[in-house]
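Hello,

Here is the structure I promised to pass on. Please have a look, then read my notes below.

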Amino acid sequence: MNTTLEDAATPHAPAFVREPNALYDALRQLPIADLAPVYDRGVRGRTMSGRGSNWLLEKVRNAGVKVIIDLRTADHTDRYDRNVVAAGLEYHSLPIDSKSTDSHQIIASLPLLFRLMDDGNFYISCAMGRHRTDIAIALYYVLHPSVPFASAPEMKGHRDEEKKTFRFDDIAARLNSIIKSITPEELSALNLPPDYATEFNRRKKHLLFQNSHFE
């Protein structure tokens, strides 16, 4: 199941869907690195785990964030968990990466990830808010068909607008590992049919091609 951008090609590459996102608008004034909207209901950015960032956690809560989704793996710290809860926010640690985390561990976390993202008012991040965050959002798109097919998300951590390049290998590798490993029981837990691989591959190809296309 190796993927190339040629495999991913479709006749047309429409622009990314830009939906109004009130949470993003409310947070733009704050000094949050790599802040970006996630569809119309949440935001992404760098983890606010620095010792001097407690004030920022309170600001994002006041702006409307209710849930922090932390994707970090070995770099996860309990101190950040405690600071998030102390700031009055709900905290969830859902480790996701390109290859080190067991695929079944990631699959088991997806129902909760998808529910939190559907509910909105979330802030999702990895250490830098770029690569692992892209992978989590890619999984949301390819494995959660309530997201319209045309609404492929922008992989901001892997796209270089200036150089017009898209580094897609680790995204494709993780997506491939998930669909290769997933069991019928795990598909059922995600409310997906046993033959979902066809739709998965269609969405994966669209996601990769969409992000490889630059206006």
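Where pLDDT is low, the predicted coordinates should not be read in detail.

The chain as a whole averages a pLDDT of 91, and 93% of the residues score at least 70. Confidence is lowest in helix 1 (residues 5–8), with a mean of 44, and highest in helix 5, at 98. Helices are DSSP runs of H or I with at least four residues, strands are E runs of at least two, and both are numbered from the N terminus.

Residue numbers start from 1 along each chain as its sequence is written. Local features need pLDDT of at least 70, side-chain atom pairs count only at pLDDT 80 or more, totals for chains, interfaces and linings use all residues, and side-chain values use heavy atoms, without hydrogens and water.

Now His76. This residue sits in the loop between strand 3 (67–70) and helix 4 (78–86). His76 counts as partly exposed because its relative accessibility is 24%; the class lies between buried (under 20% relative accessible area) and exposed (over 50%), with a 1.4 Å probe and protein chains only. Leaving aside residues up to four places away in sequence, His76 touches Asp70, Asp81, Tyr91 and Ser93. From His76 to Leu57 it is 19 residues in sequence and 17 Å in space, C-alpha to C-alpha.

Best wishes

Methods: Contact = heavy atoms within 4.5 Å. pLDDT = per-residue confidence, 0-100.
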